[in-house]
Amino acid sequence: MPRIIILMSTYNGDDYVEDQIRSIYEQTFQDFQLVIRDDGSEPVFLQKLEELQRTYGFRLIEGKNAGFARSFMALLEKAGDAELYAFADQDDIWLPEKLQIAINWFDRHQREDIPQLFHNAYDIVDSDTLKKTGHFFFSEEGYDFRRSITENHYSGFSMVINQRLRKMMLRGRADRIVYHDWWAGMIAHAFGEAYSDPEVASLHRAHGDNVTTFSMKTRLQWLKKSLNTDTDIKTRSAEFARCFAKDMEPKDLRMLRLFARKRYSLRRAMKKAFYPKRWRPIPSSEIISRFLMLIGRM
């Protein structure tokens with residue numbers, strides 16, 4: 001049994017996937033198995049994956065198109081047993097010490113009885129030149145379960161989780177959690193611990209095909225969509241309550257139920273929209289979120 005199983009979901013990633021796979025196999029820590037699930041790519045890309053498989057020896061699962069969250073949850077279920085699990089995107093680059101940094105943290109803090117999440121900072125780079133264009137790091141200071149309901153501090157490709165968190169994640173329905181990394185963060189803050197390490201351990205390519213890139217444009221698109229349907233925050237909160245309500249601390253459950261109730265309540269909406277503490281760190285996102293809370297979409 002490898003100490004770490006690395007889970008990668010791919011979809012027509014011709015331009016960058018070989019760079020990412022190479023960076024994984026160049027890790028200084030080598031006690032791992034890479035498992036790739038292809039999410040219904042075109043035959044030409046599948047052929048490329050099969051060629052790379054012959055070179056590197058990873059395990060390949062060919063699946064039907066389900067979207068990235070369902071694909072990663074399927075990987076979690078089918079990958080097999082290990083002490084730890086790391087997620088990987090097809091278009092990033094891991095720095096050589098990424099896994100070793102995570103292993104060092106777990107060697108000092110490992111607790112099998114609670115869900116644990118480790119997250120590295122990363123640099124955002126131009127997709128072709130790899131020139132640095134930004135940086136992603138959120139401190140854990142001030143971030144708790146309440147904040148995790150409406151704001152995700154974690155990117156899947158920079159996460160390593162333990163077996164306990166994996167098992168708890170699998171209680172949820174993939175079509176209801178929407179983002180596997182957000183789901184993991186909520187569980188860790190409700191029942192265990194999470195740690196954000198400021199050391200950069202990967203390069204995240206910024207390009208037009210990124211699934212979860214957030215900008216002012218995407219926030220406005222999110223607002224437009226949310227005017228007509230409930231946000232994924234409301235859907236995920238309801239699923240979290242279904243899975244974990246009986247195990248939660250009372251104060252956390254009360255907060256969760258402000259978002260998880262299906263029926264609109266002006267009292268609940270006002271309590272969320274005029275809550276005295278911040279929900280999100282970026283002002284534009286905070287304003288949009290409070291408006292959606294007020295009208296019952298969040």
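I take a salt bridge to be a side-chain nitrogen of Lys or Arg within 4 Å of a carboxyl oxygen of Asp or Glu. I am working on a predicted model, in which local features need pLDDT of at least 70, side-chain atom pairs count only at pLDDT 80 or more, and totals for chains, interfaces and linings use all residues. I number residues from 1 along each chain as its sequence is written, and the side-chain values rest on heavy atoms, with hydrogens and water left out.

**Entry 1: salt bridges**

I looked up R236 and D232, whose side chains meet in a salt bridge at 2.7 Å, N to O. The two lie four residues apart in helix α10, so about one helical turn separates them; helices (H or I, at least four residues) and strands (E, at least two) are DSSP runs, numbered from the N terminus. Both R236 and D232 are buried, where buried means under 20% relative accessible area, exposed over 50%, and partly exposed in between (1.4 Å probe, protein chains only). I also noted a network in which E18, D19, R22 and R205 are joined by salt bridges that share partners.

I then turned to R173 and D175, whose side chains meet at 2.8 Å, N to O; R173 is partly exposed at 43% relative accessibility, as D175 is at 35%.

**Entry 2: strand β2 and its partners**

I asked myself how much of strand β2 is buried. Seven of the eight residues of β2 (residues 32-39) are buried, so the strand is largely enclosed by the rest of the structure. Strand β1 (residues 4-10) runs parallel to β2 and is joined to it by seven bridges, the pairing rule being that DSSP finds at least two bridges between two strands. In this pairing I6 stands opposite L34. Strand β3 (residues 59-63) also pairs with β2 in the parallel sense, over five bridges, and there R37 stands opposite I61.

**Entry 3: helix α1 and Q20**

In α1 I found V17, Q20, I21, S23 and I24 buried. Seen down the axis of α1, the buried residues fall within an arc of 160 degrees, so they line one face of the helix; the arc is taken from the directions from the helix axis to the C-beta atoms. These buried residues pack against β1, β2, α2, β4 (84-88) and β5 (93-94), contact meaning heavy atoms within 4.5 Å.

Which residues does Q20 contact, leaving aside its neighbours within four places in sequence? I list M8, A88, D89, Q90, D92, I93 and W94. Q20 counts as buried because its relative accessibility is 0%, and its side chain reaches the backbone oxygen of D89 at 2.8 Å.

Key. A polar contact is a pair of N or O atoms within 3.5 Å; within protein, one must be able to donate a hydrogen and the other to accept it, and residues adjacent in sequence count only if both atoms are side-chain atoms.
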